[in-house]
Amino acid sequence: MSPEQKRLLSLFKEINDICNRHNIVYYMAGGTLIGAIRHKGFIPWDDDMDILMTRDNWEKFIEVTRTDIPENRVLECQELDRNYPNMFGRYTDVTSTAIHNNQVLGDGICGYVVDILVLDPIPDKEHHEKYTADLMLYSDLVNPSLNYSYRFDVNQNRFMKYYKRMQKEGKDKVLTELEDKMFRYNEEDCQYYVMRWGGAPFLFDKDMYGSSRWGVFEGVKCRIPDRTADYLTWHYGDDWMYIPPHGEHESHDAIFSFTTQYKTIQNDYMRYIDVHKVRKSLIKRKMFFFKHMDSRLRMKDMEVTAIGVSVKMDTLKAVENCGFDIYEALDNCEYEKISELFSDYYSKQLSRKVIGREDYTGINRFRKPGYCDIGDELLYPAVMVLIHTGRIAKAARLLDVREINKGPLDDKLASARQLIMDFRKAVSDDDLGHKDESFEQMKSLYEKYSHNDNINMFYIEQLLERNDVILAEKLSKRALDLFPNNGVYMKYLGDCIYGQDEMKALNIYADAVSNTTNGVVLLQISERVESRKTELMSKAAADLDLELAKLLTLLSPDDVDLVKLKYDIMTETTSDGSELATIITELKDELIKFDMASPIRSALSNAYIKRGESEATASLRVSLVMASTIDEYHEIKDKAIEICQQQPDSHAYRLLSDVYNTLGMTTDADASMSEADRMEN
């Protein structure tokens with residue numbers, strides 16, 4: 001956990017405590033929820049936290065925090081501050097700094113935050129469109145830095161009218177009028193929730209959230225939606241459990257510091273900004289987008305249409321020249337061959353430019369996706385290959401895009417959609433605890449589609465849960481024949497033989513870890529190691545078994561005790577100076593990774609001692625690695641001088657030389673190094 005995540009976790013614990021004291025229901029959401037399920041805590045690269053509350057619970061939270069809130073914490077929201085530049089709430093630490101793009105001009109309290117988004121009740125989908133238009137107008141009035149309505153092609157004529165009214169009648173009056181329109185529906189009269197977020201006000205069935213159930217986040221008991229699996233599938237696709245490639249990790253643009261209060265940083269740069277001039281230019285920019293909304297959006301439509309024509313021509317030509325019958329290949333489960341044929345089609349048809357995304361920048365095209373029409377006869381095998389090779393979310397989106405653009409699906413495409421719905425229903429039932437119903441559904445699907453990757457995975461997992469190890473092992477081996485580099489099936493095979501041969505299973509898990517990014521599977525492997533941690537560590541330590549120690553670290557890489565064990569054995573078993581130097585270098589990196597954790601400090605000290613340093617010198621060496629202030633360096637220098645006076649050796653003088661160099665005292669550093677060389681000779 002990074003220092004930033006530790007700060008966020010402390011804020012969440014405070015919110016959780018307040019909600020528990022006052023019987024307020026919230027839900028982990030977005031990346032925070034996927035972290036709770038896939039990592040039981042933060043996504044490793046995450047730098048924010050999101051929770052949701054229904055409007056009734058949110059209003060209660062506002063009231064109770066008027067008197068029940070820790071020191072140096074502030075709840076920011078429109079209900080409490082009309083100068084706050086967001087439409088959702090933030091629970092803020094005022095002693096730190098997190099200045100986001102829309103706060104650069106000094107709006108709001110800019111500390112570390114937990115975002116709290118509100119779920120407004122709404123009666124039906126028709127009202128959702130009106131709500132969306134009103135919320136976009138509301139967001140444009142609240143936050144001049146971003147363009148909200150433009151992305152939805154709404155409010156072209158309304159904005160200027162309301163903006164002028166706001167200048168004349170006051171901000172509170174105009175915003176209150178819009179709030180009365182949007183937030184007027186009673187919870188008991190509505191079947192849906194809409195998320196109060198200007199980026200994209202998503203619509204949900206109310207029962208997706210329900211009364212909440214319990215999950216775990218960094219050891220804290222937390223609330224998650226009733227239909228968590230459905231939420232994650234909707235938000236991230238059916239492959240939500242997979243950790244994305246590094247280039248797809250999302251974080252936020254902001255100035256962060258938890259050691260400096262935000263006003264200190266603001267005071268440094270605000271004197272160089274003409275706030276009035278910048279605000280005026282932002283309104284002009286917003287007006288420009290409203291004025292040219294139609295022409296700019298139509299131009300983008302024309303671009304997408306041109307892409308569609310080009311992709312259609314290229315795909316039809318590729319099919320004509322492919323040299324095989326696509327339907328015959330589909331019957332023979334030659335998915336790789338068909339996937340290669342449609343690879344360019346998938347890439348362009350499913351691109352952000354053509355079909356958008358459910359986020360701030362992609363929502364316009366998501367609502368009005370482009371379609372590269374290759375004909376239903378070719379679309380069917382293209383969709384089925386996606387379904388059978390673990391890309392269900394892409395197949396579902398492709399079918400939606402086809403229906404939006406051309407109307408009802410034909411029978412074959414409708415059957416493909418039904419397969420997706422049946423699979424998702426089985427997954428949802430399992431998540432909701434309807435285990436028997438889910439198992440029967442999945443068993444039926446497996447009998448029809450035994451070559452389907454997702455169905456294979458889920459069915460084998462259910463067999464293992466039911467302790468049908470013999471059949472699970474048979475199907476795992478069969479699946480590995482179909483998908484030989486799939487680490488999930490390797491993990492299942494390891495599960496099957498774990499009770500018979502633990503070490504063989506652990507080695508199979510090692511292959512699994514190297515062949516999957518499925519975060520849930522990686523977590524399960526780590527938890528299995530943790531359940532036997534004491535015994536396995538004792539065995540490795542007693543036998544100085546470096547291979548076992550490395551294996552355990554591979555399977556549970558975030559366990560600091562296992563990392564220490566590995567390096568202690570490496571240190572103990574080496575006599576090579578260059579190897580020892582490599583160990584020390586790696587341990588310095590581990591010290592940063594594990595936030596200066598005591599076990600890594602101990603391992604690094606052991607390595608220095610193995611190099612021939614005294615315990616006192618080794619301890620100072622570790623302190624030197626950890627030091628970050630001038631005062632700390634001077635303290636280390638004084639202690640090193642004391643060692644050189646009382647127990648002089650070459651290592652002590654080399655340490656003193658290193659400290660002098662760090663302090664820029666090069667003459668003293670050279671003298672100490674010369675003394676070290678003299679003592680060695």
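**Entry 1: helix α2**

I began with helix α2 (residues 30–38), where eight of the nine residues are buried. Buried here stands for under 20% relative accessible area, exposed for over 50%, and partly exposed for in between, with a 1.4 Å probe and protein chains only. Helices (H or I, at least four residues) and strands (E, at least two) are DSSP runs numbered from the N terminus. The model is predicted: local features need pLDDT of at least 70, side-chain atom pairs count only at pLDDT 80 or more, and totals for chains, interfaces and linings use all residues. Residues are numbered from 1 along each chain as its sequence is written, and side-chain values use heavy atoms, with hydrogens and water left out.

I listed the buried residues of α2: Gly30, Gly31, Thr32, Leu33, Ile34, Gly35, Ala36 and Arg38. Then I looked up what covers them. The cover includes strands β1 (27–28), β2 (50–54), β9 and β10 (220–224), and also helices α8 and α25. Just after α2, I found Lys40 with a positive phi of about 55°.

**Entry 2: Gly215**

Is Gly215 buried or exposed? Gly215 is buried, at a relative accessible area of 12%. I listed its contacts (heavy atoms within 4.5 Å). Outside four places in sequence, Gly215 touches Val220, Lys221, Cys222 and Ile224. I also checked the spacing to Met28. Met28 lies 187 residues from Gly215 along the chain, yet their C-alpha atoms are separated by 9.1 Å.

**Entry 3: domain 1 against domain 2**

Next I took the domains, whose bounds come from an automatic or database domain assignment. Domain 1 is 3–121 + 190–273, and domain 2 is 281–432. Their contact takes 15 residues from domain 1 and 13 residues from domain 2. The centres of the two domains, taken over C-alpha atoms, are 32 Å apart.

How much area is buried between domain 1 and domain 2? I read about 1000 Å², with 55% of it from carbon and sulfur atoms. Buried area is the accessible area (1.4 Å probe) that two parts lose on being put together, summed over both.

I counted two salt bridges between the domains. The criterion is a side-chain nitrogen of Lys or Arg within 4 Å of a carboxyl oxygen of Asp or Glu. In the salt bridge of Arg424 with Asp238, the closest N and O atoms are 2.6 Å apart.

Which element gives the largest share of the domain 1 side? Helix α8 (residues 228–236) does, with five residues. By class, the domain 1 side divides into six nonpolar, four polar and five charged residues. Ala, Val, Leu, Ile, Met, Phe, Trp, Tyr, Cys and Pro count as nonpolar, Asp, Glu, Lys and Arg as charged, and the others, Gly among them, as polar.

**Entry 4: Leu544 into α27**

I moved to the loop between α26 and α27, where Leu544 is found. Leu544 is not a glycine, but has a positive phi of about 50°. At 39% relative accessibility, I logged Leu544 as partly exposed.

At the start of α27, a side-chain oxygen of Asp545 comes to within 3.3 Å of the backbone nitrogen of Glu547. Helix α27 (residues 546–555) has Leu548, Ala549, Leu551, Leu552, Thr553 and Leu555 buried. An α-helix has 3.6 residues a turn, so residues three or four places apart point the same way. The cover over the buried residues of α27 includes α24 (502–513), α25 (519–531), α26 (533–543) and α28 (560–573).

Asp595 sits in the loop between α29 (577–593) and α30 (598–610). Its phi is positive, near 55°, and it is not a glycine. Asp595 is partly exposed, at 34%.

Lys637 is in helix α32 (residues 630–646). Is this lysine, Lys637, buried or exposed? Lys637 is buried, with a relative accessible area of 14%. Beyond four places in sequence, Lys637 touches Leu656, Val659, Tyr660 and Leu663.

**Entry 5: whole protein**

Last, the totals. I noted 34 helices and 11 strands. Of the 681 residues, 51% count as buried. The C-alpha trace spans about 85 × 70 × 55 Å along its principal axes.

Key:
A polar contact is a pair of N or O atoms within 3.5 Å; within protein, one must be able to donate a hydrogen and the other to accept it, and residues adjacent in sequence count only if both atoms are side-chain atoms.
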